[in-house]
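Keep the structure open beside you as you read.

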Amino acid sequence: MHHVLVIGAGTMGTVHAKSYAAMENVKLVGIVDIRSERGKELAAETKTEWFESYEEAIEKLAQVDIVDVCLPTYLHKTYVKKAADAGKHVICEKPLARDKEEARFIVDYCREKNVKLFVGHVLRFFPEYEKSRQLVNDGAIGNVGVARTFRGGIFPTAWNDWYADYQNSGSLVLDMIIHDFDFLRWCFGDVERVYAKGLLGRGFARMDYALVTLRFKNGMIAHVEGSWAHEGFAMKMELAGKEGIISYDSSKEKPLVAVNRSKQAGMSGVAVPESPLRENPYFRELKHFIECIDRDLEPLVTAEDAVKAVEIARAALVSIETGKPVTLV
């Protein structure tokens, strides 16, 4: 039985806590949040205890094996260190940190303390994205030359409005479309050069937008678009290969379509039957992390992958600020 303490009762903390509460072989032993009303509410929903601080929880709880950090990005290092110092395995929401150096420090620190570190790049656990990668690897559309992704919604609100403070959040580039950076790297390998344009620093109140072009070492080009200026939420993807196209649009009734130009007439698509509604991707992700602890397995998304994703995001932010492309070493 794994005993899990969740730090943070915001959106992601709620998702994680409810996932643990529904798992076998896992006991959610507590919720930590400085907001007593929200913390108590989530604790009641998940039938566990609320604590005002991490220190209080560690002092009062008889057993904690895993600490799940669902806090604003700028607090990740502090609480991952606290958990590692106590010998607890750590699950941390993405992005791991605000820059590559801090991300590297966190990974090395956990390794030195001999605790496992898992980072929640959940896109790898969405069936549509898993299926798309599988189709690419199987050669269903031939060699992919161009990819295009979009992720957008309304400007997020959270505790202390931290998303609106660039020094704490890193904008949508670091806190949202990093999902797409990780997915594309999972599919196509390392990125060689990054060029980006965006609204960062232009004074648009509670709006953000970025368009990032990635050139991969294998020659593939990807265009990653993100927006915090839309109503609702949607994510889209298009992978174009020599022999066909894979397209995904979360707003469609049949969101994932794979088309092979040589095998069908009229360019009509074939819908892939997988749907994220069958099993919550966050549940699948956390269940996978628990299994990796149980069986000492390498996770689907490694801590090194998380560092690489932060590196790409920071390069995009530097490109936006300087107006110049950034070459990754």
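Arg193 stands opposite Arg215 in strand 9. This is a predicted model, in which local features need pLDDT of at least 70 and side-chain atom pairs count only at pLDDT 80 or more, while totals for chains, interfaces and linings use all residues. Residues are numbered from 1 along each chain as its sequence is written, and side-chain values use heavy atoms, with hydrogens and water left out.

**Strand 9 and its partners**

Helices (H or I, at least four residues) and strands (E, at least two) are DSSP runs, numbered from the N terminus. Two strands pair if DSSP finds at least two bridges between them. Strand 8 (residues 191–198) and strand 9 run antiparallel and are joined by seven bridges. Strand 9 also pairs with strand 10 (residues 221–227), in the antiparallel sense and over seven bridges. In that pairing, Ala210 stands opposite Gly226. Strands 9 and 10 form a hairpin with four residues between them, and Gly219 in the turn has a positive phi of about 95 degrees.

In a regular strand the side chains alternate between the two faces of the sheet. Strand 9 (residues 209–216) has a covered face made of Ala210, Val212, Leu214 and Phe216. Its uncovered face carries Tyr209, Leu211, Thr213 and Arg215.

How many residues of helix 9 are buried? Eleven of the eleven residues of helix 9 (residues 178–188) are buried, so the helix is largely enclosed by the rest of the structure. Here buried means under 20% relative accessible area, exposed means over 50%, and partly exposed is in between (1.4 Å probe, protein chains only). Among the buried residues are His179, Asp180, Asp182 and Arg185, along with Phe181, Trp186 and Cys187. Just after helix 9, Gly189 takes a positive phi of about 90 degrees.

His121 sits in the loop between strand 6 and helix 6 (127–137). His121 counts as buried because its relative accessibility is 1%. Contact means heavy atoms within 4.5 Å. Leaving aside neighbours within four places in sequence, His121 is in contact with Ile178 and Asp182, and also with Lys94, Glu285, Val301, Ala306 and Ala309.

**Pockets and a cavity**

Rolling a probe the size of a water molecule over the atoms shows where empty space is left. On a 1 Å grid over the protein atoms alone, a cavity is a set of points where a 1.4 Å probe fits but cannot get out, and a pocket is an open set with protein on both sides within 12 Å along at least five of seven lines; lining residues have an atom within 4 Å of a point. Grid points are joined across faces, edges and corners, and a volume is the space filled by probe spheres set on the points.

| Space | Volume |
|---|---|
| Largest pocket | about 1200 Å³ |
| Second largest pocket | about 360 Å³ |
| Largest cavity | about 70 Å³ |

The largest pocket is lined by 48 residues, and Thr11, Met12, Ala158, Trp162 and Tyr163 lie nearest its centre. Helix 1 gives the largest share of this lining, four residues. By class the lining of the largest pocket divides into 27 nonpolar, 13 polar and eight charged residues. For these classes, Ala, Val, Leu, Ile, Met, Phe, Trp, Tyr, Cys and Pro count as nonpolar, Asp, Glu, Lys and Arg as charged, and the others, Gly among them, as polar. Domain 1 (2–120) and domain 2 (123–284 + 307–327) each supply at least three residues to the lining of the largest pocket; the domain bounds come from an automatic or database domain assignment.

The second largest pocket is lined by 16 residues, of which Val115, Lys116, Leu117, Glu298 and Ala303 are the closest to its centre. Helix 5 gives the largest share of the lining of the second largest pocket, three residues. This lining has eight nonpolar, three polar and five charged residues.

A search of the whole structure finds one cavity of 30 Å³ or more. The residues lining the largest cavity include Arg185, Asp190, Lys217, Lys308 and Glu311. Helix 11 gives the largest share of the cavity lining, three residues.
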